[in-house]
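Subject: the structure you asked about

Hi,

Here is the structure, ready for you to open. Have a look first, and then read my notes below.

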Amino acid sequence: MTETVVDFPRNFKKALNDGQLRRNLRAAMDTLGQRRRNLFSDREAFEQLRMRGDAIRQRALRNLPELLEKLERNCTENGIQVHWAETPAEANQICLEIIRRHNATRVIKGKSMVSEEMHLNRFLDERGIEALETDLGEYIIQLDHETPSHIIVPAIHKNRDQIARLFHDKIPNTPYTEVVEELNAIARKILREKFFAGEVGVSGVNFAVAET
C-alpha cells in the first residue's frame, strides 16, 4: 500500500483561501456552539463537567498499558478475541485475515477514527473488498473520496447544496434535491440495503471499560 504524502502548509493555505469552506465551517460551528449552550445553560456546571472528563481521560492515559491488559483479560473472559498491532500495516493485515477467513467481500462500517488513520478502506479496496461507511457524515465524504474534517461531524465542511449535488452526481438515478429530509431518506435507503448485504461489520469504540 502506498502512503499519501500530505502537504500540510499548501493544504491549509488553500483552505483559508476557500471562501465557501470558511462560510460552511462558520455556520456549522455557530450551530454546534448554540446547541451546546442550549443543553448546558449553566456555564460553571458545564466547565466542571468538562474538567472532570479531561481528568478522567488524563488518568486513563497515564495508566494505559495496565488498563489495556486489564481490558484484554475481561474481553477474553467475555468471549471476545483480542488482537494486538503495533503498526497500521499489522492492523490492516489482521482485519484482512479476519475478512478472508469468512470469505467476505462486503464490509459495513460504523464510525472508526482508527480505521481512518490506518487507511483501512483504501487497503481493502485495493484487495477487492468493499468497505462502506454507514455513519451519514462518513458516507458523504466517502462518496467524495475525502477524509473526515471533524472527529464528531466528519462532513462539517460541506453545506446542504454541496451534499445535494454530490448525491445527484454520485448515486445513480438520484434526483437533485436540497431538502434535508429527502437527502436523509436517499442515504437511509441505500445504507439499509447495504446493511442487509453486508458480511462483516467494523465499528470504532468510543469508550472501553477495562473493569467489565
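So, how many helices and strands are there in the chain? There are ten helices and three strands. Bear in mind that this is a predicted model, so everything below is computed from it. Starting at the N terminus, the elements run α-α-α-α-α-β-α-α-β-α-α-α-β. The C-alpha atoms fill a box of roughly 50 × 50 × 35 Å along the principal axes. Of the 212 residues in the chain, 27% are buried. Among contacts with a separation of 6 or more, 57% are between residues 24 or more positions apart.

The largest pocket holds about 2600 Å³ of space. It is lined by 50 residues, and the ones closest to its centre are Leu71, Val114, Gly204, Val205 and Ala208. Which element gives the largest share of that lining? That would be α4, with seven residues. At least two residues each come from α3 (43-62), α4 (64-77), α5, α6 and β3. By class, you'll find 31 nonpolar, 13 polar and six charged residues in the lining of the largest pocket.

The second largest pocket has a volume of about 1500 Å³. Its lining has 43 residues, and closest to the centre are Glu116, His145, Glu146, Thr147 and Pro148. Here α1 gives the most, again with a count of seven residues. The elements that each supply at least two residues are α1 (8-16), α2 (19-39), α6, α7, β2 (130-133) and α8 (136-143). The lining of the second largest pocket divides into 15 nonpolar, 13 polar and 15 charged residues.

**Helix α5**

α5 covers residues 88-101, which makes 14 residues. From first C-alpha to last, the helix reaches 20 Å, close to the 20 Å expected at 1.5 Å a residue. Which of its residues are buried? They are Ala91, Asn92, Ile94, Leu96 and Ile99. The cover over them includes β1 (106-109), α6 (113-118), α7 (120-125) and β3 (200-202). After the helix comes Asn103, which has a positive phi, near 50°.

**Cysteines**

If you were wondering about disulfides, a search of the whole structure finds zero. The cut-off for a disulfide is 2.5 Å between the sulfur atoms. The line for buried is under 20%.

Last, take a look at Ile151, in the loop between α8 and α9 (160-170). Ile151 is exposed, with a relative accessible area of 57%. Setting aside neighbours within four places in sequence, what is Ile151 in contact with? Its partners are Lys111 and Met113. Ile151 and Lys111 sit 40 residues apart in sequence and 9.5 Å apart in space, C-alpha to C-alpha.

Cheers

Technical notes
Residues are numbered from 1 along each chain as its sequence is written. This is a predicted model: local features need pLDDT of at least 70, side-chain atom pairs count only at pLDDT 80 or more; totals for chains, interfaces and linings use all residues. Side-chain values use heavy atoms; hydrogens and water are left out. Helices (H or I, at least four residues) and strands (E, at least two) are DSSP runs, numbered from the N terminus. The expected span of a helix is 1.5 Å times one less than its number of residues. Buried means under 20% relative accessible area, exposed over 50%, partly exposed in between (1.4 Å probe, protein chains only). Contact means heavy atoms within 4.5 Å. On a 1 Å grid over the protein atoms alone, a cavity is a set of points where a 1.4 Å probe fits but cannot get out, and a pocket is an open set with protein on both sides within 12 Å along at least five of seven lines; lining residues have an atom within 4 Å of a point. Grid points are joined across faces, edges and corners, and a volume is the space filled by probe spheres set on the points. Ala, Val, Leu, Ile, Met, Phe, Trp, Tyr, Cys and Pro count as nonpolar, Asp, Glu, Lys and Arg as charged, and the others, Gly among them, as polar.
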